[in-house]
Amino acid sequence: MSSTPTSLSSPENPLLSEAEKLIHRYDGDEQMIFCHGDHREEADNYLAAVDEIQRSLESLTTVDSTSGDRNKMMKTAIEIAMGRLEDEFKNLLNTHTKFIETDWLIELNSSINSRNSLSSRRGVEQFGTDNDTQDYSDEFELQSNLSFDFSGETDSESFNESRAGSRSSTSCYRSTSSIHEIDLVPIEAINDLRNIAERMITAGYTRECFQVYTGIRKSAIESNFHHLKVENLSIGEVQRLKWDVVEDKIKRWIRAANICVRILFASEKRLCEQIFERFDGFEGMDCGADEACFYETVKGFAVQVLNFADAVSIGDRLPHKLFKILDLHDSMSKLVPDIEEVFDSKVAEGIPVHASEIVARLADAARGMLTEFEKCVIEEPSQIPVPGGTVHPFARYVMNYISLISDYKETLVELIVSKPVIVLEPSHPIASELELLDTDNKPPLAVHLIWIILNLLHNLDGKSQYYRDPSLAPLFLMNNRNYIVSKVKRGSLELREMIGDNYLKKLSGKVRQSAMAYQRQTLSRVLGCLRDEGLHVSGSFSSGVSKTLLRERFKSFNTIFADVHRNQVTWSVPDAQLREELRIAVSENLIPAYRSFLGRYRGQIENGRHPELYIKYSVEDIENAVLGFFEPHQNSLQSKRSR
């Protein structure tokens with residue numbers, strides 16, 4: 001301990017003399033006195049000594065000839081005291097700044113969302129996850145650079161926010177609608193910290209006090225950021241990442257940003273208020289010490305959090321990014337009021353302004369992505385037909401995309417305020433359909449969805465033309481049109497309401513039209529063999545039949561039906577109900593015609609030579625064969641001579 005210099009205080013002020021002695025007595029003593037227990041009285045006495053010297057400095061006049069020396073001695077004592085108090089302040093903060101368990105923060109954030117009934121987005125579902133989905137990635141290559149992924153892109157992974165480990169002893173102090181402030185430092189330590197801060201600020205040591213405080217609290221926040229995996233990435237670094245990496249980071253960011261703003265930043269603000277409220281800040285700053293200290297502590301971290309969302313908002317506008325952009329937009333929109341509440345001082349006003357600007361950019365990005373998606377639906381150029389006329393992966397992608405759009409209806413109805421810009425020649429196939437739709441009375445988002453479906457149908461019409469078999473083209477259209485209708489009917493209520501029952505009826509009519517076209521193409525040649533026309537040469541009906549022509553008819557029927565069967569068993573009708581209805585329709589047209597033809601002319605054939613060469617199938621054979629349509633395992637047609 002250093003020697004105590006001679007006091008120049010007057011005999012009339014013994015308190016000042018004792019105060020100076022006390023300050024000097026602790027100079028150089030490494031043991032901290034601001035701790036609980038035996039040192040409580042020492043801490044109170046030390047603060048009283050500082051107060052006494054400070055009061056004397058403020059009241060000192062120049063009348064006394066010794067005032068200059070006395071002023072110097074008191075200032076020296078104050079400097080020593082401030083050094084001591086700075087160390088005590090630092091020790092208190094370090095001692096009581098404890099790590100907050102990440103699992104507990106996650107659990108608390110989940111409970112906040114649950115208590116406030118915040119609707120959770122179910123996330124982007126798998127594209128093409130219907131039960132009948134098949135992977136045709138090896139069958140054909142999409143000649144497109146439109147960034148569509150038909151292989152089943154998923155975004156259903158969720159973060160495990162279950163409780164792990166013991167709960168932190170940190171307690172909740174105050175909760176608002178979504179902001180929860182927790183005790184970062186015990187109240188006993190708060191009182192000491194506030195008392196020390198008051199003396200340092202009064203003595204003009206505001207900057208030193210702030211430097212100690214912000215340095216320690218920044219380290220604490222940085223530790224929490226590290227465990228929450230909040231990375232310090234620049235905008236350029238984010239934009240150079242692959243999108244699947246960004247997707248994962250968006251999910252983590254949404255969780256972490258909520259924790260940072262609603263718990264960590266809000267609690268840091270409260271701690272600053274507890275220690276510095278009603279104290280003056282730096283000279284020239286239009287705010288109090290608590291506001292200045294809070295902003296200085298968290299501004300870098302707040303910018304770090306917002307930078308990621310900012311980088312995503314100004315990225316390219318590829319359609320497959322839409323739903324993550326909407327997730328980010330929803331999260332940011334809900335977070336902005338909390339940011340405004342936490343950063344409500346004039347010095348920090350740039351933070352909520354920045355957050356609001358990001359929300360606006362995310363909205364613009366979402367609108368642009370929907371427009372890009374519409375262009376992709378119109379322009380998707382793949383020409384290689386899918387095997388068996390099944391549902392095209394592109395149709396699955398588009399309809400799953402539309403279904404997900406309807407899941408975000410609440411958000412998109414607010415964002416999509418303009419109907420699609422549609423410029424079509426009067427002769428364009430879609431133009432006439434648009435005229436029949438009552439789009440004037442529908443919200444813009446609904447018109448966009450109908451416009452997408454119309455363009456998808458037109459695109460599929462074009463793809464059907466690449467099938468060589470004339471029966472397979474209408475089957476392909478039937479499958480795809482039926483899939484579109486099913487997705488709308490069985491999807492969300494929001495999707496069905498936006499599309500509307502009137503348009504659904506029109507779509508269902510298109511399914512029936514293509515089913516009828518398929519039947520005509522499939523059965524026309526087969527049924528042509530079962531006509532009476534051309535068989536009669538002369539005389540009566542019973543005696544005027546040409547056996548040669550009749551044999552040719554049976555042979556043609558056998559050949560054509562075998563060919564039809566061979567094709568049909570390899571074709572696909574994924575919808576079980578539609579598949580059964582189609583088999584019944586074919587049977588109802590074919591079986592009676594064959595039974596009647598066979599009944600009229602079987603006798604003429606069986607009375608001749610080698611009848612088995614001409615009557616190869618019984619009625620039961622044909623019935624069983626039709627039941628095997630669209631079943632790949634039915635790859636052979638069993639035949640027997642009808643008896």
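**The core around F276**

Analyst: In this predicted model, the largest nonpolar core has 188 residues, and the members that touch the most others in it are F89, F265, F276, F343, I453 and F557. Helix α8, residues 243-276, gives this core its largest share, 17 residues.

Leaving aside residues up to four places away in sequence, F276 touches F89, R194, A197, I201, C209, F210, Y213, A289, D290 and C293. One of these partners, F89, is itself listed among the core members that touch the most others.

C209 is in none, and the cysteine sulfur nearest to its own, that of C293, lies 7.1 Å away. C209 counts as buried because its relative accessibility is 0%. For C293, the closest cysteine sulfur is in C272, at 4.3 Å, which is too far for a bond, because a disulfide needs the two sulfur atoms within 2.5 Å. C293 also has a relative accessible area of 0%, so C293 is buried.

As for the setting, the chain has 21 helices and two strands. Of its 643 residues, 49% are buried. Among contacts between residues at least 6 apart in sequence, 81% join residues at least 24 apart. The chain exposes about 31,000 Å², of which carbon and sulfur atoms supply 47%.

Definitions and conventions: Residues numbered from 1 in each chain as written. Predicted model: local features only at pLDDT ≥ 70, side-chain atom pairs only at ≥ 80, totals over all residues. Heavy atoms only, no water. Helix = DSSP H or I, 4+ residues; strand = E, 2+ residues; numbered from the N terminus. Buried < 20%, exposed > 50% of the residue type's maximum accessible area, 1.4 Å probe, protein only. Contact = heavy atoms within 4.5 Å. Areas by Shrake-Rupley, 256 points an atom, 1.4 Å probe, with all protein chains shown as cover. Core = buried A, V, L, I, M, F, W, Y, C linked by side-chain atoms within 4.5 Å.
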